[in-house]
Amino acid sequence: MRDIRPITDPSRPKVYIETYGCQMNVNDSEVILSILQDAGYALTEDMDEANVILANTCSIRDNAEQRIWGRIDQFKLQKRKRDNVVIGIVGCMAERLKDKLLEAVDIVAGPDSYRTLPDLLAAVRPDRPQINVLLSHEETYAEISPVRMDRNGVSAFISIMRGCNNVCSYCVVPYTRGAERSRDPYTIVREAQELFENGYKEVTLLGQNVDSYYWKDKENADRNVNFAQLLEMVAKISPEMRVRFSTSHPKDISDEVIYTMAMYENICKHIHLPVQSGSSIMLEKMRRKYDREWYLERVRKIRSVIPDCGITTDVIAGFCGETEQDHTDTLTLMEEVVFDSAFMFAYSERPGTLASRKYPDDIPYELKTQRLNEIIALQGRMSLKSNEKDVGKRMKVLVEGPSKKNPDELCGRASSNKMCVFPSRGEKAGDYCEVEVVSVTSATLLCKRIND
Ligand code: SAH
Ligand code: SF4
Ligand code: F3S
């Protein structure tokens, strides 16, 4: 069996990787490590001993980039302390800023150029920084087996597609990740199978819009694969291995996907369905291609087929021209749906996007923050309400490890993705436990063991 954990050979040159941004970047760092290991490098978790320091970066909001500029200053201190340290910025910020980063670092590599990292590293000299920010229509790193850097060996990410073909007006991703392309499903299944053989119990299939996954078989159109079919192929590997996925797009999530989820116990009953706004006027301006009613209908459909399905979301506060009424529409939608949890953001204008060219970023900082705080406070109440409905219910939990607060307790996630805490009977990460919810907070289900 191939080893999917990092090589720790001390004689190899060492690479240190920091990862920012979304789950896709977590997986991309694992692809990068796989490529670099094949070229003779080994991973280190200690920046002080690294020959190569990489930051896999995110551009989604301005504060994400500001944080990385701060880190670049830290990396540069290493160069002052030691000779021959190479600093590289890879990922979305590399793609967005391109040669503007070359003044600060030695290597700049965009998301589709990771196969060339060994060459870039071989060519780099103090006076000769290297850059590759070409985007590709084909690259999916399909046959590269990521080297897993997670700590517990239970749960892993698998990228099923790259890029994005939507043009949500606020979003930088289509510019940093390029056009959408789907990965060969057989390489996806092989990767999931390999993870299962290595003891993993959960895979999360990743894409910016998983519902538009579509693999066209070159020889035989009957062998084309859509997302629902891919889900089924992965679910069939073993009932012992859970399948999750992210992100679903409200305009594209199909009934077929919802029914496929219902058919397989090991496809987790959780959908991350970013709404962004509850106002149809804002949604139109955001170019999300659905309105409030469409979104609410999708939620009703999900709940009619899978009554206990976890639904989580993303919300943006203070998009261009957002009125009090638009903001109220977001609040009322959140009250109507009662999301289990949400990622909530203040709108951050991204250079080059449609919104930055067309609409003034006209909601003052204080008002944006005030609206965001109202949204966060409401979501806190909704999370509690959603969790309270679970009291008395039984759940099957995949153990992640000891709970942070009490070593005699375990924590892990229910199918709905809610975090559960319960007394340990000596199980370890990767075991399944049956529990019953006794009480809740807005963040956690406090459970007892069944038959306690
Ligand atoms: N592909 C996913 C989201 C990817 S980005 C989807 O379509 O839902 C993750 C989240 O970041 C988005 O859902 C959105 O809520 C937020 N986001 C994206 N661009 C943003 C911006 N310019 N300002 C604030 N939040 C943003
Ligand atoms: Fe960005 Fe929209 Fe694509 Fe999501 S679907 S990555 S929000 S453009
Ligand atoms: Fe950030 Fe790029 Fe992901 S901008 S959210 S790292 S796709």
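Visitor: Why does S169 count as buried?

Guide: Welcome! Keep in mind that this is a predicted model. Buried means under 20% relative accessible area. S169 has 0% relative accessibility, so S169 counts as buried.

Visitor: Where does S169 lie?

Guide: S169 sits in the loop between β8 (161-162) and α5 (173-177). Leaving out residues up to four places away in sequence, S169 touches K285, M286, R287, F319, T353, L354, A355 and Y359.

Visitor: What does the side chain of S169 reach, and what makes that a polar contact?

Guide: The side chain of S169 reaches the backbone oxygen of K285 at 2.7 Å. A polar contact needs a pair of N or O atoms within 3.5 Å, and 2.7 Å is within that cut-off.

Visitor: Let's turn to helix α8. Which residues of α8 are buried?

Guide: In α8 (residues 255-263), the buried ones are V257, I258, T260 and M261.

Visitor: How do you know on which side of α8 they are?

Guide: Around the axis these residues cover an arc of only 160°, so they are on the same side of α8. Here is the general idea: an α-helix has 3.6 residues a turn, so residues three or four places apart point the same way.

Visitor: What do the buried residues of α8 pack against?

Guide: Their partners are α7 (227-235), β13 (242-246), β14 (270-272) and α10 (292-305).

Visitor: Now for the ligands. Which residues come nearest to ligand 1?

Guide: Of the 15 residues around ligand 1, the nearest are Q208, P274, Q276, D314 and S348. Two strands, β15 (310-317) and β16 (341-346), each supply at least two residues of this shell. By class, the shell divides into 7 nonpolar, 4 polar and 4 charged residues.

Visitor: How do you know that Q208 makes a polar contact with ligand 1?

Guide: An N or O atom in the side chain of Q208 is 2.8 Å from a nitrogen atom of ligand 1, and the cut-off is 3.5 Å, so this pair qualifies. R61 has a polar side-chain atom 3.1 Å from an oxygen atom of ligand 1. For R288, an N or O atom of the side chain is 3.2 Å from an oxygen atom of ligand 1.

Visitor: How much of ligand 1 does the protein bury?

Guide: Ligand 1 taken alone exposes 540 Å², and the protein buries 90% of that.

Visitor: And which residues surround ligand 2?

Guide: Among them are C164, C168, C171, H249, Q208 and R288. The shell around ligand 2 has 6 nonpolar, 3 polar and 1 charged residues.

Note on methods
Residues are numbered from 1 along each chain as its sequence is written. Chains are lettered from A and ligands numbered from 1 in the order in which they are written. This is a predicted model: local features need pLDDT of at least 70, side-chain atom pairs count only at pLDDT 80 or more; totals for chains, interfaces and linings use all residues. Side-chain values use heavy atoms; hydrogens and water are left out. A residue is near a molecule or strand if one of its heavy atoms lies within 4 Å of it. A polar contact is a pair of N or O atoms within 3.5 Å; within protein, one must be able to donate a hydrogen and the other to accept it, and residues adjacent in sequence count only if both atoms are side-chain atoms. Accessible areas come from the Shrake-Rupley method with a 1.4 Å probe; for residues, only the protein chains shown count as cover. Helices (H or I, at least four residues) and strands (E, at least two) are DSSP runs, numbered from the N terminus. Ala, Val, Leu, Ile, Met, Phe, Trp, Tyr, Cys and Pro count as nonpolar, Asp, Glu, Lys and Arg as charged, and the others, Gly among them, as polar. Buried means under 20% relative accessible area, exposed over 50%, partly exposed in between (1.4 Å probe, protein chains only). The arc is that of the directions from the helix axis to the C-beta atoms. Contact means heavy atoms within 4.5 Å.
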